[in-house]
Structures are given as structure tokens and as C-alpha cells.
Amino acid sequence: MSTLLPPLSAPPAAGLGTELPAIVTASVPGPAGMALVDLLAAHECPAITARRARRAESTGVDQDPIVWERAIGSNVWDPDGNRFVDLTAGFGVASAGHANTHVVARVTEQLQRHVHGMGDAFPGVARIQLAAALAAHLPGALDQVIFGSDGSDAVEASLKTAVLATSRSRIVACEGSYHGMSLGALGVSHYKDAFRAPFAGLMGRLADWVPFGGDLDAIAEVLDAGEPVAAVLVEPVQGRGGERTAPAAWFQGLAELCRARGALLIFDEIFTGFGRAGPFVQAGTPAMGGVVPDLICLGKGMSSGFPVSACVGTPEVMAAWGQSTGEAIHTSTFLGHPPGCAAALAVLELIDEHGLLERGRALGELMGHTLEDLCARHPEAFSGVRGRGAMRGLEVVGGVERSLVLCRGMLARGFIVLPAGTRGEALSFTPPLTMTAGQWTAALATLEGLL
Ligand SMILES: Cc1ncc(COP(=O)(O)O)c(C=O)c1O
């Protein structure tokens, strides 16, 4: 096993963020954290960070956020010196752990060479290397990339590609899907109507949504009703929608429906990619019935912490953009930002040479069977386990109210965990793939203690 990744059995305090929680203040957050949260409340748009009183109004759970001061491996420290264990990997991002030493070293080298590039005008070395490396790692003919900074950028690029490649503009996506908050990505996300409703006047056409894993004949009827479809966009495992999976045969059937109608198939693997759900990506694996889409979106765990994303397609669909004649019709100031590309190359090195995927698979198996066991022992509290690999959801009896109470109890005891699902009906576990068995089992013991 790599010396760059802690073994699953690493004892607490072995360094690299493998420690158990230590709460040193009477309440969480402590006074230093509270002072910072108050300062933020004065200067940040109030819609961004929920404060205790407003949260209590809507959910009945009064909880102020903790402030992150430092994060290494699976540990996070707040300004009061409380140490937490992060069961979310920061929204599934810190795949190799927070501030992974190899990622930091590669990014530092890059920062010393050049921090910024010039988008579409003059490519940087790291961007070129990453474009080639992604093509080498992805299945089928997924060989040509459009880089972005966050996941929404990748989704937007995939939608634009589909429109150009098919000369159609109707998108079909899934109920419960989440693809991002920028206007195009929001317009195809089903996750919550409340996210879209205020901006309806600004958005173009929305997607038509079909049930995730639903009856294929009914989906065929939706595809055939109305204008021809440009693309079907789907998450192989729904992330924010609550770690929901669908059978391999469903993905095969969906791919067949697309093929028969000349519609593209897009996999949004922003959450599942880079080993989160087991393999490098779900595309092409048995869990997807071997289906390789026309376009794949990547982000989050791609860099283990730096904003970089990618929409990768076959040369056939990417050709629809035409050759740039000097002014690209799709770009951004930070396209292929060098530190993000260097970080992604470092994560690929961790995968190729240091067993990051194997480490994640071992953790995912441990998560799966320990969650099943917890669920079986407490049917009064938990009604099922969802997900795949190190991307798991635990269905909570009592719905969102109970989920939030459990999240709050966990935070007070030093474990960061979030609810997931369109109704907040599950606890979501997407830890760093480097989390130790000791940290994980301590988290479940703490959760059990709350029941
Ligand atoms: C599957 C999926 N797609 C897209 C996004 C949007 O990514 P970002 O928040 O980086 O824009 C997310 C974010 O959670 C996601 O889970």
C-alpha cells in the first residue's frame, strides 16, 4: 500500500488526518467560531449560510455552522481548536483527503511555475497533460475535453455540445437529479422546485423529467412526445438526490432508447467519478451494463480540492463545435486553470501509482456492510441503505426532521454529516477515500449512541 495514503487500519493519531474527534468547547460552535459566523452574517448575502434562528424556523433544529480553520486528511479543525471527522469529504470533493500531501506538493510546484493561464488563447502545460490523461483513463472514445471550474460548468458544456451535435434543444433528465445552480444546469435539475421557481423568468426551457430507474416504456413515450430529444442526462448514482441507484439493465435500456432516436446520452459523474462510487468512473462498468455515454461530466473528487471540472466527449460529438478560428464560442477566463489541472494530475497519480481506488473500494465495502448491520439492528431508526462504494445513504425513519436532529447530534460530537435526498430523508456518507476504519466505526458508534 502507498505511503502517501493511510492504510484503512491506520491507528488514530498516525498523522495524515487519521485522528478521532476532540471537542474542547462547551458547545459547538465555540465562541471564536460564533464571532466569525456573526461577522460573516453582516457581510455575506443572507441566503448563503444558515444561522441558528432561521434554521430553527424552517427545520426546528437550531444549529449554527462550524467555521473551518484547517483540514487535513479526514480531520477538520475549527477556530476554537475543536477537531472533527469529515464524513462528507467537503461535498464529496476531498477524495484523497483534505490537503493530501502529494496533491499539495504538485500544486505548489505548479504555483511556482505559473498560477494563471490564458483560457482558450494560450494553453498551459498542465492543461494539455490533463486533457491527454483524462482520455487515457476514460472508457470508449471519451477523448476530447472542455474544461471548466465547477461542476455546473461541465454540465453546461455538455448541454451545449448536445445541442450542437444534434441540432435539437430538448433535454430529458431524471426526477431527483441535481446538476448545479447556474441557469442552464439549474434548468435541467429536478432536485427542488424552490431552487428554480424564483428564476423561472430568466431560464430558457426546462428539461422534461422522467423517473430515475423508472419504466422504460413510459420513458420512451416521454421521449416520443413532442420535439426530438437532443440528450438524456443522468447521474449513474444520484448524489444530492440521496445516493439512489438504478439497475444495470435500466441504463442499457436508456442507452438503447437514446440510440434509436439519435439522442445523446450524458453521464453526470461529477459526484460518482474519480473512485467515489468504486471504479474510476461508472461509465463502461458492469453496474451500468457496460454503457459508455457520448459525454461525461467530471468535477468534485477530480482534484481533491481545487476548482476544476471537465466535460469529456467523443471526437464525433465534439466535432459539432467546429474548429476555433480565433475567438472560441465557449470559454472562460479561468478555463483549464493550472493549479486545478496540476491537482487533478496528482489525483490521477494517486490512482495509478498509489492505490487510491483500491483504498476507496475497501472503505466502501466496510461502509456498506457496517451500515447494513446498523440498519438491521435498528429498524425503528433506519429503513434502508442506499448507494455504492464510498457514496452511501442511510434512510432515516422520521424523515428530514429526524435526519437533521441526528446531523446536529453528530456535529456536537465531532462528526460532520449532511442529510441528502429530495426530502432530506437520508443521512449522506461520502467521506475521503482515505478515511480509516477507526474513524468510520467511531462515527457509526456515535450515531448509534444518539438513538
Ligand atoms: C451530480 C452533480 N452534478 C453537478 C453538480 C454541480 O457541481 P458544482 O456545485 O461544482 O457546480 C453537483 C454538485 O453537487 C452534483 O452532485
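Two residues are in contact if their C-beta atoms, placed from the backbone, lie within 7 Å. By this criterion, in the predicted model, Val-232 is in contact with Val-172, Leu-254, Cys-258, Ala-263 and Leu-265, leaving aside its neighbours within four places in sequence.

Val-232 also belongs to the largest nonpolar core, which holds 120 residues. Together with Ala-231, Leu-264, Ile-296 and Val-347, Val-232 touches the most other members of that core. Helix α12, residues 338–354, gives the most to this core, with 10 residues. Both domain 1 (31–86 + 355–449) and domain 2 (101–354) give residues to the core, so it lies between them.

The overall fold comprises 15 helices and 15 strands. The C-alpha atoms fill a box of roughly 60 × 50 × 45 Å, taken along the principal axes. For 451 residues, a compact globule would have a radius of gyration near 22 Å. The protein has 22 Å, which agrees. Buried residues account for 50% of the 451 residues.

The domain assignment gives two parts. Domain 1 is made of two segments, 31–86 and 355–449, while domain 2 spans 101–354. The C-alpha centres of domain 1 and domain 2 lie 26 Å apart. The contact takes 22 residues from domain 1 and 22 residues from domain 2. On the domain 1 side, α13 (356–377), β11 (382–388), β12 (391–396) and β15 (426–429) each supply at least two residues. The largest share of that side, 5 residues, comes from α13. By class, the residues of domain 1 that touch domain 2 divide into 7 nonpolar, 10 polar and 5 charged.

Leu-356 has its place in helix α13. Leu-356 has 29 other C-beta atoms within 10 Å. The cut-off for a buried residue is 20 or more, so Leu-356 is buried. Not counting residues up to four places away in sequence, Leu-356 touches Leu-5, Ala-96, Gly-275, Leu-350, Ile-351 and Leu-433. The C-alpha atom of Leu-356 is separated by 8.6 Å from that of Ser-95, although these residues are 261 apart along the chain.

The ligand is surrounded by 15 residues. The closest are Asp-150, Gly-151, Ser-152, Gly-180 and Ile-270. Helix α6, residues 151–166, provides the largest share of the shell around the ligand, with 3 residues. The shell has 5 nonpolar, 6 polar and 4 charged residues.

Several backbone features deserve a check in the model. A cis peptide bond joins Val-28 and Pro-29, with omega about 0 degrees. Pro-29 lies in the segment before α1 (31–43). Ala-89 has a positive phi of about 50 degrees although it is not a glycine. Ala-89 is found in helix α3, residues 89–92. With 28 other C-beta atoms within 10 Å, Ala-89 is buried. Lys-300 is another residue other than glycine with a positive phi, near 40 degrees. Lys-300 sits in the loop between β9 (295–298) and β10 (309–313). Despite being a loop residue, Lys-300 is buried, with 27 other C-beta atoms within 10 Å.

Asp-217 is placed in helix α9, residues 216–224. Asp-217 has 9 C-beta neighbours inside 10 Å. Residues with 12 or fewer are exposed, so Asp-217 counts as exposed.

Note on methods. Residues numbered from 1 in each chain as written. Predicted model: local features only at pLDDT ≥ 70, side-chain atom pairs only at ≥ 80, totals over all residues. Helix = DSSP H or I, 4+ residues; strand = E, 2+ residues; numbered from the N terminus. Rg over C-alpha atoms; globule rule 2.2 N^0.38 Å. Near = placed C-beta within 6 Å. Nonpolar A, V, L, I, M, F, W, Y, C, P; charged D, E, K, R; others polar. Domains from an automatic or database assignment. Core = buried A, V, L, I, M, F, W, Y, C linked by C-beta atoms within 7 Å.
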